[in-house]
Amino acid sequence: MKSIPTESRKNTYYRFWERTLSDRRMGVGSYVWSLHRVTGLVVAGYLVAHLFVLGTILSSGGSFDNVMGVLAKPGVKVGEIILIWVVLLHAVNGIRLFALDLVPSMDHRISAYAVAGVTAVLGILVAIFIW
Amino acid sequence: MQRDISEIAVRTAARGTQMSVLSWFAQRWTGVILLVFVGAHLVVSHWVAPSGPTEAISAGEVASRLQAGAYRFLDVGLLVVALYHGLNGVLRVVVSAGHVSGRLYYVLLGVLSAIGIALTYFGVVVFEALLG
């Protein structure tokens with residue numbers, strides 16, 4: 001097993017891993033950071049898939065309405081709601097990061113709790129609205 | 001004296017990766033733009049354009065919606081900005097793992113740029129041809 005590297009050689013994922021394994025609990029800010037990364041990758045993947053699917057449907061001539069009929073089923077609605085939750089967390093935490101850049105004196109732990117709260121509230125509203 | 005979080009963040013970003021602070025701010029600003037564009041896209045696609053908020057959108061409505069310049073601007077703008085923000089984000093996620101040599105960085109940059117350009121071309125030209 002390699003020796004533990006010096007502080008400057010630890011990348012951001014290594015530091016995150018250290019924190020989860022040590023007996024110091026992972027703060028809410030770390031959760032929100034990890035979720036921000038994960039949701040970002042998920043949305044990026046969805047974007048590519050969305051474009052690909054739309055292109056395939058449109059180029060196969062005339063079956064757009066059929067596919068939209070399939071997509072109107074309630075199971076797909078659940079998927080839509082989950083997708084919007086994923087985008088919502090990424091967006092709300094993104095606003096928090098921008099605010100931290102502009103107002104450095106802002107407390108980054110309290111704002112992490114605020115992100116969780118705002119996302120939960122807006123997520124419930126969105127789910128009620130779409131369902 | 002404790003350093004504030006933004007100084008730590010910028011120093012970490014500058015030291016741990018080879019990416020410029022300019023792209024750091026570009027992520028922020030494209031994110032803000034996307035807040036508006038994605039929200040508008042959801043509202044237009046699911047509420048304004050279909051015959052009713054609970055209906056699925058039809059091909060004819062998509063085509064007629066795209067006749068207006070404002071909706072085309074929204075769609076193309078969303079495509080370009082979202083692709084930039086997403087692909088730049090993927091690049092940052094990979095580079096922040098460290099040990100990305102100069103050559104690997106430029107390979108990654110080239111691959112992601114190619115994907116971005118190809119999907120933009122695909123989105124604009126092909127959809128234009130298909131929907132008229």
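In the predicted model, helix 2 of chain A meets helix 4 of chain A through V32(A), L35(A), H36(A), T39(A), G40(A), V42(A), V43(A) and Y46(A). The partners on helix 4 of chain A are L83(A), V86(A), V87(A), L89(A), H90(A) and N93(A). Sorted by class, this contact holds nine nonpolar and five polar residues, and no charged residues. The two axes come within 9 Å and cross at roughly 125°. Helix 2 of chain A is therefore oblique to helix 4 of chain A. Their crossing is left-handed.

L35(A) is one of the residues that helix 2 of chain A brings to this contact. The helix itself spans residues 28-59. L35(A) is partly exposed, because 17 other C-beta atoms lie within 10 Å; a count of 20 or more would be needed for a buried residue. H90(A), on the helix 4 side of the contact, is 55 residues away from L35(A) along the chain.

Helix 4 of chain A contributes K77(A), E80(A), I81(A), I84(A), W85(A), L88(A), L89(A), V92(A), N93(A), R96(A) and L100(A). From helix 5 of chain A come H108(A), S111(A), V115(A), V118(A), T119(A), L122(A), G123(A), V126(A), A127(A) and I130(A). The contact of helix 4 of chain A with helix 5 of chain A has 13 nonpolar, five polar and three charged residues. L89(A) and N93(A) take part in this contact, and L89(A) and N93(A) are also listed in the contact with helix 2 of chain A.

Chain A as a whole has five helices and zero strands. Its order along the sequence is α-α-α-α-α. Of its 131 residues, 13% count as buried. Among contacts in chain A with a separation of 6 or more, 71% join residues 24 or more positions apart. T20(A) lies in helix 1 of chain A, residues 12-21. T20(A) counts as exposed because it has 12 C-beta neighbours inside 10 Å. Between the C-alpha atoms of T20(A) and S30(A), 10 residues apart along the chain, the separation is 9.2 Å.

In soluble globular proteins, nonpolar side chains tend to be buried together. The largest nonpolar core of the model comprises 10 residues of chain B: L34(B), F37(B), L79(B), A82(B), L83(B), Y84(B), L87(B), L91(B), V95(B) and L119(B). Two elements of chain B give two or more residues to this core, helix 2 (21-48) and helix 4 (69-95). Helix 4 of chain B gives the most, with seven residues. A second, separate core has seven residues, including V32(A), L89(A), A91(A) and V92(A). V32(A) and L89(A) of this second core also belong to the contact between helix 2 of chain A and helix 4 of chain A. In chain B, L87(B) of the largest core touches L112(B), I115(B) and G116(B), leaving aside residues up to four places away in sequence.

Definitions and conventions: Residues are numbered from 1 along each chain as its sequence is written. Chains are lettered from A and ligands numbered from 1 in the order in which they are written. This is a predicted model: local features need pLDDT of at least 70, side-chain atom pairs count only at pLDDT 80 or more; totals for chains, interfaces and linings use all residues. Helices (H or I, at least four residues) and strands (E, at least two) are DSSP runs, numbered from the N terminus. A nonpolar core is a set of buried Ala, Val, Leu, Ile, Met, Phe, Trp, Tyr and Cys residues joined through C-beta atoms within 7 Å. Two residues are in contact if their C-beta atoms, placed from the backbone, lie within 7 Å. Ala, Val, Leu, Ile, Met, Phe, Trp, Tyr, Cys and Pro count as nonpolar, Asp, Glu, Lys and Arg as charged, and the others, Gly among them, as polar. Axes are lines fitted to C-alpha atoms, for helices over the stretch in contact, and angles run from 0 to 180 degrees between N-to-C directions. Angles under 35 degrees count as roughly parallel, over 145 as roughly antiparallel, 65 to 115 as roughly perpendicular and the rest as oblique. A crossing is left-handed if the near helix is turned anticlockwise from the far one by less than a right angle, and right-handed if clockwise.
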